[in-house]
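Please read the following account with the sequence and the coordinates side by side. It begins where two chains meet and then moves into one of them.

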Amino acid sequence: MPTEIDRNQVQNLVERGAQLVEVLPADEYEEDHLPGAINLPLRRLETEAVRILDRARPVIVYCWDTA
Amino acid sequence: MSPRAAWRLESLGFAEVYDYVAGKLDWMAAGLRTEGTNAAHPRAGEVSRRDVPTARLTERLGDARERVLAADWDAVVVINEERVVLGLLRSKELDKDPELTMEQAMRPGPSTFRPYVAIKQMAESMTKHMLGSSPITTSDGRLVGLLLQSDAVRIAGEGK
């Protein structure tokens, strides 16, 4: 079960090498994203997650807000 | 959207998956740095004056005024111990009876703006509503700084 985390935990996990993934569409990612985040929109997740992300490292996903 | 992504990653074999549920909005509202095309445009948080004087509810107005004027300011933000904004005093309020407390003299519940608002938008809004200064706060109400209309207008003009 994915663990819900807050801003401070994001910063701590990134320092420890976690991969940050924005799942919003590319145009929103291009405008603003968290430092170091990669873009993997929900629709591309199925086909590209395994190729792009390292399964041995923690992954943090985020979108705009809780919606 | 992110909960679905998190669950899907787990089903794809990722063992350690986290969901930053409050997301980009929360990050930007805290005034934290972002990357991207918008990052090049100034925003309210970075233009706001972080050195704005602050005071507590119980401080005597006369004492606060002395401190504020000595620092070459004409405004002071009233905050609590968590830096949550409770009130604002501009010149008009600072000129009240010095024996009043800050709580009695302040303008309570001032309009606040988030750090990620574009400075151009802030300049337009502050001019339209004749706001000489506005506190910039995080989404949980904590003070980031005080944005002066003169700064907002000047920097928005430089970006044209």
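This is a predicted model: local features need pLDDT of at least 70, side-chain atom pairs count only at pLDDT 80 or more; totals for chains, interfaces and linings use all residues.

A:I5 stands opposite B:Y20, a residue of β1(B), and this pair belongs to a parallel pairing in which β1(A) and strand β1 (residues 17–20) of chain B are joined over 3 bridges. Residues are numbered from 1 along each chain as its sequence is written, while chains are lettered from A and ligands numbered from 1 in the order in which they are written.

Across the whole interface, 29 residues of chain A are in contact with 33 residues of chain B, a contact being two residues whose C-beta atoms, placed from the backbone, lie within 7 Å. On the side of chain A that touches chain B, two or more residues each come from β1 (3–5), α1 (7–15), α2 (26–31), α3 (42–52) and β4 (59–62) of chain A. That side is made up of 18 nonpolar, 3 polar and 8 charged residues, where Ala, Val, Leu, Ile, Met, Phe, Trp, Tyr, Cys and Pro count as nonpolar, Asp, Glu, Lys and Arg as charged, and the others, Gly among them, as polar. The model scores ipTM 0.96 and pTM 0.73.

Chain B itself contains 8 helices and 7 strands, and its pLDDT, the predictor's confidence in each residue from 0 to 100, averages 92, with 99% of the residues scoring at least 70. Its radius of gyration, taken over C-alpha atoms, is 19 Å, whereas a compact globule of 160 residues would have a value near 15 Å by the rule of 2.2 Å times the number of residues to the power 0.38. Along the principal axes, the C-alpha atoms of chain B fill a box of roughly 65 × 40 × 25 Å.

Within chain B, 4 strands form an open sheet of mixed pairing in the order β2-β3-β4-β5, with β2 (54–55) and β5 as the edge strands, each of which pairs on one side only. Strand β3 (residues 76–79) runs antiparallel to strand β4 (residues 85–89) of chain B and is joined to that strand by 4 bridges; here B:V77 stands opposite B:L88. In strand β5 (residues 107–108) of chain B lies B:P108, which is exposed because 9 other C-beta atoms lie within 10 Å, the cut-offs on C-beta atoms placed from the backbone being 12 or fewer for exposed, 20 or more for buried, and partly exposed in between. Beyond its neighbours within four places in sequence, B:P108 is in contact with B:L86 and B:G87.

A further pairing joins strand β6 (residues 133–137) to strand β7 (residues 143–148) of chain B, antiparallel and over 5 bridges, with B:L143 as the bridge partner of B:T137. Between these strands the hairpin has 5 residues, and B:G141 takes a positive phi near 85°. Strand β6 of chain B is mostly covered, 5 of its 5 residues being buried: B:S133, B:P135 and B:T137 point one way, and B:S134 and B:I136 the other.

Technical notes: Two strands pair if DSSP finds at least two bridges between them.
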